[in-house]
Amino acid sequence: MTNNIKSCIEELSKPDYGISQLTDVIIKIGDLTRQEECREEICELGGIIPVIDVLKRYTKGTLKSSNKDEENKLQINIMRALTNISFDHTKNVAIICEADNNVIEYTLDSISKPIPELSRNCCAAITNFAHDDDEIRNRIVEKDGVKKLMDLINKQIKSNQDDLNITFHAMRALENVSSTEKATQQLIANDGIQLLKLVLKTKTDQDSILSLHALVIKIFGYMATYKEQNDQLADQEIVGVLAEEFHKVKTIQVEDDDEKEQLGELMQQIIDTLSACIKQSDKNASSMLKDYNQTNMVKELISIFGDNKQPEALREPIMDMLACLCERDGLQNQLSQQGLIPCVVAAVKSCVFMDGGITVQSRQITSHSRLLRYSIKAVGFLALQDDHLQPLMDAGATEALLEALNLLYAEQKQVDDITSLAQQMNIYIQRNTCIALGNLARSDDNCVRIVALGGIVPLANIISQGFEPGKVDQNLVANAAFAFNNLTKPLANKRVILSSPEQCESVLDALYTLLDDQSPFVLQFYAAESIGNLSHQSPQNAQRIVEYRSSSSSSSCAFLERLLSVIVSRKDKIKLRYAVVKALVSLSDADSNIGVMIAARLQKDKEHMEQLMVEMENEQEDKIQQMAIQGLTKLGIRELKVEIGQAALTPAVAAEHDVMSDVNSPSDE
């Protein structure tokens, strides 16, 4: 092969060779470079520039023929050779596309020449040039490459030619170029959306759908990744276009395995593009709930997802899109009406209960499962609606989420057995699982059920990891603390959470850690809230909290010291300090002896406490001001100085004053 390539290069340099002879040599180079090893050899032997030099001689007019067919044949085969040389070879592309060579300019100018084979080869060359280099893509855009390709496609479509060859190659080139923002901007500026819709509408035979339509969908997907272009797509009702396309694809019947694979990939591409459209556009998201061709797209997707025979590669992007729709306020109820709740809960169950439970050897499936990631995220958003809490519980969401959390936490500890990416995914899914549990725990029935099913243990395990930066994911701990705090509110749970000595120690250890002076304020907030909730109307719990890390010979209380330290050091966090006041009041109210002890301890910090009273009196939020002053007064700081209402200080429902402690949105990282 080397000798063949080398002899071709030498022949290109012969001064006495005319167009016909040079064309024969270039045809041979085009044939040889269809093979990968020859593409390497021509690069190593410096054979690319001689091919380009022939092109330069022709464009400058120093290489001519009286026979136009000969000139056309030369041009066609130079572009064929450059197409083959550049196929899947980054280094060769870089040499060909050097600015001084003007190959990009010549190729784009030749696209529109009335020589079909030349147009096709030029499009194929642009496809290879733009394969994986954004700099080259942008240079093509700067030379009006997008517009020239669009003009060619438009011409081919309107000529009603049955031959799809040139149109297909032009669309492939346009698809490769269009992955940059500059290209999508040029597409929009030149009415590209309408052209792409025209391609979908004009060419509706099965071959076109499997080839041309797939390229159109990809280009729409590139546009959808940019906010400005996404808005343009929304204005053009792109969701309806994609929904109709999906319906067409779904009705195609094929027998050939390759065509089946193509069909599956096209369906997945439509779903991915729809997801990209709705992620940045509320208008596109709302459009998903409309009927197209008397079919509701969401309902159809839920139906497809429910078919377990569908490949995972299709079911995963469907659930991703459904989870994205769940993020939109106002859409959750409409989605549940289409049957989404049992769908997403079944998805979680399928991941964590498969084959009767995941074995230790196969637990890595959990972290690698995008399906689990998307479905838990959807549950978390659906649980933000009060009307969904009971249906989620009835569908078994609580059991599925707890099983997922237990498996994920166990897997997290097998650090040496899973990859860093799996660890990252593991933490991400744990976070969304905690958020979903916390949102489900907004009703007392769900709270009691979660605790009865053992939900305290995995949450306490996560919280007990602490907050050390670099070693612990603080967001995960915060999400677990959020869920745990919501579980501490019902009276029935207060009696259970600290009932056993082992669980009591585990829970109090975790809360004590979160109250450390170095802990992030959000963790301190949830810990203080939980202390207040657990001790409210529960003398037994209050006593357990007071006795934590205390000896019979000492009158000090470990939790009291930490709570006071927080209230003194966190002067900039009014809601956190208020949560501490509530915790102190709850402990004091629960047992008169504890109240006397707390009052005596506060007197030692009387100056700080009186300063706190002044700061609370100056607080702008009336409800917090009134209730905090009432609490401090009850603790004996000093007599009430301002008139307050009759609202009781009730830690069990205090979450109403801070959404941070009541509901939480699943993470989208």
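Which helices are included in what covers the buried residues of α30?

## An enclosed helix

The model described here is predicted. The cover over the buried residues of α30 includes α27 (397-412), α28 (420-440), α29 (444-452), α31 (474-487), α32 (491-497) and α33.

Helix α30 spans residues 456-463, and six of its eight residues are buried, so the helix is largely enclosed by the rest of the structure. The buried residues in α30 are Ile456, Pro458, Leu459, Ala460, Ile462 and Ile463.

## Aromatic pairs around Tyr512

Five aromatic pairs occur in the structure. One of them joins tyrosine 512 and tyrosine 548, with 5.4 Å from centre to centre and 55° between the planes, a tilted arrangement. This pair links distant parts of the chain, 36 residues apart. Tyrosine 512 belongs to helix α33 (residues 501-514), whereas tyrosine 548 is in the loop between α35 (539-547) and α36 (558-569). Both tyrosine 512 and tyrosine 548 are buried.

Tyrosine 512 also pairs with phenylalanine 559: the ring centres are 5.5 Å apart and the planes meet at 85°, so this pair is edge-to-face. Because tyrosine 512 lies in helix α33 and phenylalanine 559 in helix α36, the pair ties together parts that are 47 residues apart in sequence. Tyrosine 512 has a relative accessibility of 12% and therefore counts as buried. For phenylalanine 559 the relative accessibility is 0%, so this residue counts as buried too.

## Other ring contacts

Elsewhere, Phe482, Phe525 and Tyr526 are linked into a cluster by ring pairs.

Charged groups also sit over rings. Arginine 562 has its charged end over the ring of tyrosine 512, at 3.8 Å from the ring centre. Over the ring of tyrosine 428 sits the charged end of arginine 373, at 4.8 Å from the centre.

## The largest nonpolar core

In soluble globular proteins, nonpolar side chains tend to be buried together. The largest nonpolar core of this model has 217 residues, and the members that touch the most other members are Phe220, Met288 and Phe559.

What does phenylalanine 220 contact, leaving aside its neighbours within four places in sequence? Its contacts are Ile193, Leu196, Lys197, Leu200, Leu233, Ile238, Leu242 and Thr273.

## A buried serine

Serine 208 is placed in helix α14 (residues 206-210). With 0% relative accessibility, serine 208 counts as buried. Its side chain is joined to the side chain of aspartate 205 by a polar contact of 2.6 Å. If residues up to four places away in sequence are not counted, serine 208 touches Leu164, Lys203 and His213.

## Two loop residues with positive phi

Which phi does aspartate 88 have, positive or negative? Aspartate 88 is not a glycine, yet its phi is positive, at about 50°. This residue lies in the loop between α5 (68-86) and α6 (90-96). The relative accessible area of aspartate 88 is 59%, and the cut-off for exposed is over 50%, so aspartate 88 is exposed.

Glutamate 237 also has a positive phi without being a glycine, here of about 55°. Its place is the loop between α16 (227-235) and α17 (238-251). Glutamate 237 is exposed, with 59% relative accessible area.

How values were computed: Residues are numbered from 1 along each chain as its sequence is written. This is a predicted model: local features need pLDDT of at least 70, side-chain atom pairs count only at pLDDT 80 or more; totals for chains, interfaces and linings use all residues. Side-chain values use heavy atoms; hydrogens and water are left out. Rings of Phe, Tyr and Trp (its six-membered ring) pair if their centres lie within 6.5 Å; planes under 30 degrees apart count as stacked, over 60 as edge-to-face and the rest as tilted. Helices (H or I, at least four residues) and strands (E, at least two) are DSSP runs, numbered from the N terminus. Buried means under 20% relative accessible area, exposed over 50%, partly exposed in between (1.4 Å probe, protein chains only). A charge sits over a ring if NZ of Lys or CZ of Arg is within 6 Å of the ring centre and within 35 degrees of the ring normal. Contact means heavy atoms within 4.5 Å. A nonpolar core is a set of buried Ala, Val, Leu, Ile, Met, Phe, Trp, Tyr and Cys residues joined through side-chain atoms within 4.5 Å. A polar contact is a pair of N or O atoms within 3.5 Å; within protein, one must be able to donate a hydrogen and the other to accept it, and residues adjacent in sequence count only if both atoms are side-chain atoms.
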